[in-house]
Amino acid sequence: MESIKLFGGYGKVNPHLEDQSPHQQQSASKRRILILSVASILLLTLIIGIALASLIHESNSEPDESPYLSSSNPAESIKTVCDVTLYPSSCFTSISSLNISTKPDPEVIFKLSLQVSIAELKNLSSLLSSFNDVNSQAALKDCVSQFDDSLSKLNDSLSAMEVGPGEKMLNLEKVNDIQTWISAAMTDQDTCIDGLEEMGSKFLDEIKAKIERSKEFLSISLAIIAKMQALLEKFDQKMH
């Protein structure tokens with residue numbers, strides 16, 4: 001009770017204080033200081049406890065956010081992959097227009113981009129076969145032959161990605177091979193233009209425009225496969 005009275009009476013003049021000896025006065029002051037110190041510690045502990053409880057509650061109430069992308073949103077997945085290319089808009093539009101029956105991860109999206117590239121190259125080869133130009137007929141035949149070879153390599157790429165359920169479509173060896181084949185297909189198109197220019201083909205401008213469109217889609221596929229490892233990591237996946 002003495003401690004409570006001392007704490008409650010802190011700041012008031014004790015009428016008996018003057019009658020106490022210096023030693024008694026010093027002891028009383030020490031007791032008051034001790035009581036105040038304990039009270040301060042208890043108050044500080046209470047404040048810290050309330051703050052910690054508030055932080056724990058906020059932490060538990062916030063939804064978990066994964067640093068990785070989910071393939072459950074096709075549009076978001078396609079956009080993420082297409083953003084690594086030089087033509088993100090063309091990439092997104094062409095792939096989104098396809099019938100995507102599965103959840104698209106980077107491997108699936110690359111495969112779809114390759115299908116678009118193959119379709120464009122087929123159209124280009126068919127177009128060149130339909131032209132009849134005496135002056136550049138030999139060059140046109142060379143272009144068709146080169147494109148057919150490129151199509152064969154690109155189709156081999158698709159075949160290499162046909163795997164069983166749960167298996168990864170790509171590994172480092174496949175990625176390197178596919179990069180080489182796509183690069184070769186783009187080089188074939190440049191060689192085709194050079195030959196047509198040399199022969200003075202009257203269809204040169206039209207063929208150039210079609211080739212540029214085909215090269216755009218090949219460039220998209222090449223960019224995706226070149227960044228495949230980094231893209232897989234964004235989706236919390238690994239290449240074997």
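Among contacts in the protein between residues at least 6 apart in sequence, what percentage join residues at least 24 apart? The figure is 74%. Keep that in mind as we walk through the fold, and keep in mind too that this is a predicted model.

Now for the inside. In soluble globular proteins, nonpolar side chains tend to be buried together. Here the largest nonpolar core has 50 residues, and the ones with the most contacts inside it are Phe110, Leu128, Ile182 and Ile225. The elements that give two or more residues to this core are H3 (74-82), H4 (88-96), H5 (106-130), H6 (137-160), H7 (172-199), H8 (204-226) and H9 (228-234). Helix H5 gives the most, with 10 residues.

Leaving aside neighbours within four places in sequence, Leu128 is in contact with Leu140, Cys143, Val144, Phe147, Cys192 and Ile207. Two of those names, Cys143 and Cys192, turn up again as a disulfide, with an S to S distance of 2.0 Å. Cys143 sits in H6 and Cys192 in H7, so the bond ties together parts that are 49 residues apart in sequence. The torsion about this S-S bond is about 100°, which makes the disulfide right-handed. Both ends are tucked away: Cys143 counts as buried at 1% relative accessibility, and Cys192 counts as buried at 2%.

The structure holds 2 disulfides. The other one links Cys82 and Cys91, whose sulfur atoms are 2.0 Å apart. Its torsion is about -70°, so this disulfide is left-handed. Cys82 and Cys91 are buried as well. If you number the bonded cysteines in sequence order, the pairing reads 1-2, 3-4.

Not counting residues up to four places away in sequence, Ser157 touches Leu114, Ile178 and Trp181.

Key
Residues are numbered from 1 along each chain as its sequence is written. This is a predicted model: local features need pLDDT of at least 70, side-chain atom pairs count only at pLDDT 80 or more; totals for chains, interfaces and linings use all residues. Side-chain values use heavy atoms; hydrogens and water are left out. A nonpolar core is a set of buried Ala, Val, Leu, Ile, Met, Phe, Trp, Tyr and Cys residues joined through side-chain atoms within 4.5 Å. Buried means under 20% relative accessible area, exposed over 50%, partly exposed in between (1.4 Å probe, protein chains only). Helices (H or I, at least four residues) and strands (E, at least two) are DSSP runs, numbered from the N terminus. Contact means heavy atoms within 4.5 Å. A disulfide is a pair of cysteine sulfur atoms within 2.5 Å.
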